[in-house]
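Have the model open and click along as we go.

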Amino acid sequence: MRQDAVLFVQIEGSLLSLTSYRDYHFEAARKMGLACLTAVVRRHVPTDGDAGAGSDDTWWLDSLSVESLLRLLEHLDAHYDVKAVFCYAGQASAYGEVGAVVAEVCRMTGRVHSPSAAVAACNNKFLMRAALEERGVRSIRHAMCSDVDALREAADTVGYPLIAKPPYGAGSAFTAKCRDWNELRDHYQRFTAQHGQAVVSDYYGMPHDVHARDGAPVHYEPGKSILLEQYIDGVEGSVECVIVDDQVYPVLINEKLILTEKRGTVLENLLISPPVSFPAPAIAEINRYAIDCLKAIGLRNAIVHLEFRLSPTGPIVIEINPRLGGLYVNAALKDIAGLDPYELYLRMLTRASGLHERLRSACERAADGRQHYSMFALFPEASGTFNGIRGLDSVVGDPAIIECKVACPVGSEVRADIEENYLLKGWAAVNGRDHAIDLYDRIVRDLEPEIVS
């Protein structure tokens, strides 16, 4: 008898955060009576000892391709009824775009999915801007460049100050605010020389051509191509959205209370929800704008983390992630809106009934909520080897703290100047802005990260 199952696709050697993403979904899947299977794309040539599957529920793929995944599904069909195939769709890889490949396989086999072109447009911020511009959704001036000469010309068109960052990527790696040509030139030289040192360097994707709005091909080269964007003044936040079929639900908004602009990255230190700086009309406008952005991109059947800034002219998107947000967005959805995002996503993929009613109720609950929650992160001040944190007991014992944990493996190398390195992350129930900031300030003051240079 065939067993109902779900299949998760990942690339060998994926980051711990991706493994946790898979495991949380598998925990929910087992409660639903589903077997949990993993397909792993090889990074290395197999030896005689590992030519087969890694375990009874893990299979190796020799390439990240539609063909290899279809062959595996055909093989599994004898023993499993694979109800859903999914992955961490929000990032590209040097081996290809796993989200786009999985989406295409799901389309071909009649499974629930989001269009591969929409996933690709989210992962490449240049394509995202082009899609918004084409459909008349508020955006900003932008350009993608791959050498110093093109960089200077494009910067003059975009205007200073501007944000320079990889079109693909994660962890705010090599993201910098540049006020003039000297700062931009220095940042670009640092990016091209050091891009391989980032923990998330694999997420730059692979070389390929994309097409600008006028149809002309634009070549993308990892470690050389960089995106320039007009700087947006305003308070930053995120909208956590759920899309079922083509219906978009903006469930809740997180406001970023403390951001730190470093030499080569931007750190999100403290967030609060419900937001405290956005009046009711602004919240309504942010929600409408999020819906417009997601419809313009064409996403369907996804949990989405959309980041924006509320400018004087209205909200402007920073990026659209076609997956659940990081840090403690999972806890925010659960505690504020009553949604378990992992169970919800699996029910979306397996075509469960009653989802629209459930999401309307979640949006109402989040809108009516009066309890504030904060999520925070502790980052290193200097680069080196992380050897732990002193003083954790004083933080964990605070009655406001709901959850708090060390987020970086001891012994890991951290690069404070080029990307986010979460040493510690936490989730707390707070009494508004002042309490959230006071709690965070005490955490920063009392904790002593051990970084050995």
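**Charges and turns**

Start at Glu343 and Arg347, whose side chains meet in a salt bridge at 2.4 Å, N to O. A salt bridge here is a side-chain nitrogen of Lys or Arg within 4 Å of a carboxyl oxygen of Asp or Glu. Both residues sit in helix H10 (residues 341-349), and because they are four residues apart, about one helical turn separates them. Glu343 counts as buried at 15% relative accessibility, while Arg347 is partly exposed at 29%. Buried means under 20% relative accessible area, exposed over 50%, and partly exposed in between (1.4 Å probe, protein chains only). Helices (H or I, at least four residues) and strands (E, at least two) are DSSP runs, numbered from the N terminus.

Before going further, a word on what you're looking at: this is a predicted model, where local features need pLDDT of at least 70 and side-chain atom pairs count only at pLDDT 80 or more, while totals for chains, interfaces and linings use all residues. Residues are numbered from 1 along each chain as its sequence is written, and side-chain values use heavy atoms, with hydrogens and water left out.

Back to the charges. A search of the whole structure turns up 24 salt bridges. One of them pairs the side chains of Lys165 and Glu229, at 3.0 Å from N to O. Lys165 belongs to strand E6 and Glu229 to strand E10 (residues 226-230), so this pair ties together parts that are 64 residues apart in sequence. Lys165 is buried, with a relative accessible area of 6%, and Glu229 is buried too, at 3%. Arg185 and Asp186 also have side chains that meet in a salt bridge, at 3.7 Å from N to O. Here Arg185 is partly exposed at 29%, and Asp186 is partly exposed at 36%.

Some salt bridges join up: Glu236, Lys256, Glu268, Glu307 and Arg309 are linked in a network of them. Have a look at Glu307, which is in strand E14 (residues 302-311) and is buried, at 8% relative accessible area. Its side chain makes a polar contact of 3.1 Å with the side chain of Lys256, and another, of 2.9 Å, joins the side chains of Glu307 and His305. (A polar contact is a pair of N or O atoms within 3.5 Å; within protein, one must be able to donate a hydrogen and the other to accept it, and residues adjacent in sequence count only if both atoms are side-chain atoms.)

Now for the backbone. The peptide bond from Tyr160 to Pro161 is cis, with omega near -5 degrees, and Pro161 lies in the loop between H6 and strand E6 (162-165). Another cis peptide bond joins Ser273 and Pro274, with omega about -5 degrees. Pro274 is in the loop between strand E13 (266-273) and helix H8 (280-297).

Next, positive phi angles. Asp245 isn't a glycine, yet its phi is about 55 degrees. You'll find Asp245 in the loop between strand E11 (235-244) and strand E12 (247-261), partly exposed at 38% relative accessibility. Asn301, also not a glycine, has a positive phi near 50 degrees. Asn301 sits in the loop between H8 and E14 and counts as buried, at 9%.
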